[in-house]
Structure formats: C-alpha cells, structure tokens
Number of protein chains: 2
Amino acid sequence: MENTTTPDDQYFEHHAFVHKRLSTENHRYTTGRHRLVDALAESAQPLTLPEIVEIAPDLAASSVYRNLEVLERCGVVNRITSGGGHAHFELAEPLLSHHHHLVCVSCGTIEDVRLDDELEALLDQNLNLLADRASFKPLHHSLDLHGHCAECEDPA
Amino acid sequence: MENTTTPDDQYFEHHAFVHKRLSTENHRYTTGRHRLVDALAESAQPLTLPEIVEIAPDLAASSVYRNLEVLERCGVVNRITSGGGHAHFELAEPLLSHHHHLVCVSCGTIEDVRLDDELEALLDQNLNLLADRASFKPLHHSLDLHGHCAECEDPA
DNA sequence: CTCTGAATGAGACTCATTATCAAAACTGAG
DNA sequence: CTCAGTTTTGATAATGAGTCTCATTCAGAG
C-alpha cells in the first residue's frame, strides 16, 4: 500500500482540481481544455499563444485564447504580461508552487525561480502592511527580475 | 548660503539629467519632450497615454508615443505593462526613487509604494544569487502587488 | 436517445501601439 | 543672416495581439 504520491497521482490530482474549479462555475472540462492544461503542465516555462499552438497544433488559436481566459477566471492559469509582444501563460498557484520570474529583455523568454521561504514570508508581511496602509486589498504579488538570459548574453 | 536643495533646484536637476541623457544619444530636448517629462513629474501616479494627453492637450499622441519610446531607451522613463488596456509610464529610477506598485485589477490605476531599505537590500541580494545560479544578467526587478484599490473596494 | 445549454473554430473586428512621410524646426558652419 | 543637413513633428496608415460573432458541434442530464 502506497502512501507517497507518484507523478501519475499528481497528474490526476491536477486534472481533478481543474475539473472542480471549472464545474463550480458551470464550465466543462473538454478535451481542448484538457490538452491546453497538459501543454502548460508539461512545459518548464510559461508559454505564449504561438508556443502553445505549436505544441498542440490541433487546438484553434481562438479557442485557446478563450479557454485561457476561462481558466484564468477560475484561478487555474496565470497571465504574465511582461511588455512587448505576446503574453505568457502558466498554471496558477495551487498547481504550481509560488515562484517568480527571470524575464529576458532581449528574447522574451521567462524562467521560473523560487525564493527562500523565509524571505518570501517576510516580503508578504511587509507588502500586506503597505497595502493595509493604503486601504488596498491584495490578491497576489508578482516579482520579476528583468535582464539578459544566459543564451542571449553569451550565444555559444 | 544655502546648502540644502530646494524644490526648484530639484526641478532643474531633473531637466539637466534628462538633457544629458538625451544628448549623449544625439537627441534633442525639445519643448514637447520637456512638457512630457513635466507631466510625468507632476503626477503622483504612473500615467497612461490618454491621461498624458489630457494633462497636456497640446501634445500629439503619436509624438508622445514616439518620445516615450525615446525616453525609455535613454533610461528616463519606465513602461509598466500590467495587462489589458493601456500601458502606464513613469519617470525612471534616478529621477524617482526605487519603488514598487499597487496595481488595481478592477480599475487599472497604479500607486507607488516604497519598501523598507533593509528588506529591499535583502531581496536584491537573494535575487542576484538566483540570477547568478541561472547565468542570468539582471538589470532591474519589479515587484507589483495586485488587488483592489480603496476606491474600487469601497466606493464611498 | 433526446434535448439544452456550453464549447468550438473560422473569420471579422478592436484598439493600443508603431511605422510612414512630408512639412516644420532646429543647429552649426560660413 | 543664410544655407545645408539633421532631427522632430503630427496626421494618417499599418500592424498585430487579443476579443467577439455566429453557425455548427458536443457533453451531460434525464
């Protein structure tokens, strides 16, 4: 009897989670949406629309856009708008652990990085203080480091 | 004999700085650009293009866009793209001290907030460490708190 | 199986931003 | 001051990421 979670378990948990989130808003977890979530889950980095369509060429661009919108509203997907060009999309917090981004200003790719838990807690505490002072009701924070990725800096 | 800087001094210092930045790239500090910088300097918050044009109606939208681009390349202006709708623009770091943003997800306004120096230093240190580990050459970081502003949360 | 509302996909459309280009303004040399 | 060579301007056209439309298809309840 297993009491550790295998990758397969995780896979089904993810989809169960998405299914629940969608159905509570009267949305269906269709094949297309399933494929979209798979594409995002299998990628190491946040993806743009063209990248998603390249990975899953059977998905129609207009449907992908619509479904990203639906999934975003349901808290399954995060949209990252780091300026010029396409937005990037990734799975949201419960599916992907809290993290931040290294944004390459020259090629536009985005890499995930995780901050020390202690620092993250300290940061959250201070941000909540600031927000409170401004009567601002915080939902989430985003911390991006902009610069040049290894590839662009030193094209081997 | 004064040895403290007055608001007027600051005003001229700002413009001297912009002038220098522009001229090192063979650009002129024209009246239109001067007005644009004034509009940004006089505002408490980062502005969108329609807001800039409303403040300074004699500026042509196409010129403002072009000049924001020029000023951005010269490191005088920062562009903030927080998703849907217009981008926001503010003066860059040497003219405005380092700060972060409270982004209202419902009305889109952006407010500036400053973090404790100590925390900021700690954050920078950790980010540099992460960047180094990924062979990423950092330029600057951005930390935005997304949520609902006082006005949207509680429309008096 | 049937029925109903949700989802799909191709294409039209929006609209923030960028590019174009002729006219105007500025700069430095003579 | 004037001329030549730039840069800037501003109205307008073009771009393009993202959204909307709508007829068709599909999923799930009964």
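In chain A, the C-alpha centres of domain 1 and domain 2 lie 21 Å apart. The bounds, from an automatic or database domain assignment, are 1-96 for domain 1 and 97-156 for domain 2 of chain A.

Before I go on, the ground rules. This is a predicted model, where local features need pLDDT of at least 70 and side-chain atom pairs count only at pLDDT 80 or more, while totals for chains, interfaces and linings use all residues. Residues are numbered from 1 along each chain as its sequence is written, chains are lettered from A and ligands numbered from 1 in the order in which they are written, and side-chain values use heavy atoms, with hydrogens and water left out.

Back to the domains of chain A. Their contact, meaning heavy atoms within 4.5 Å, takes 10 residues from domain 1 of chain A and nine from domain 2 of chain A. The area buried between these two domains is about 820 Å², with 55% from carbon and sulfur atoms; buried area is the accessible area (1.4 Å probe) that two parts lose on being put together, summed over both. The rule finds zero salt bridges between domain 1 and domain 2 of chain A, a salt bridge being a side-chain nitrogen of Lys or Arg within 4 Å of a carboxyl oxygen of Asp or Glu. It does find four residue pairs in polar contact across that interface, both residues at pLDDT 80 or more. A polar contact is a pair of N or O atoms within 3.5 Å; within protein, one must be able to donate a hydrogen and the other to accept it, and residues adjacent in sequence count only if both atoms are side-chain atoms.

Next, the interface between the chains. Chain A and chain B bury about 3200 Å² between them, 73% of it on carbon and sulfur atoms. Each chain is represented in the contact: 37 residues from chain A and 37 residues from chain B. Here too the rule finds zero salt bridges, and the count of residue pairs in polar contact between chain A and chain B is 11, both at pLDDT 80 or more.

The same surface serves both copies, as 100% of the contact residues of chain A recur in chain B.
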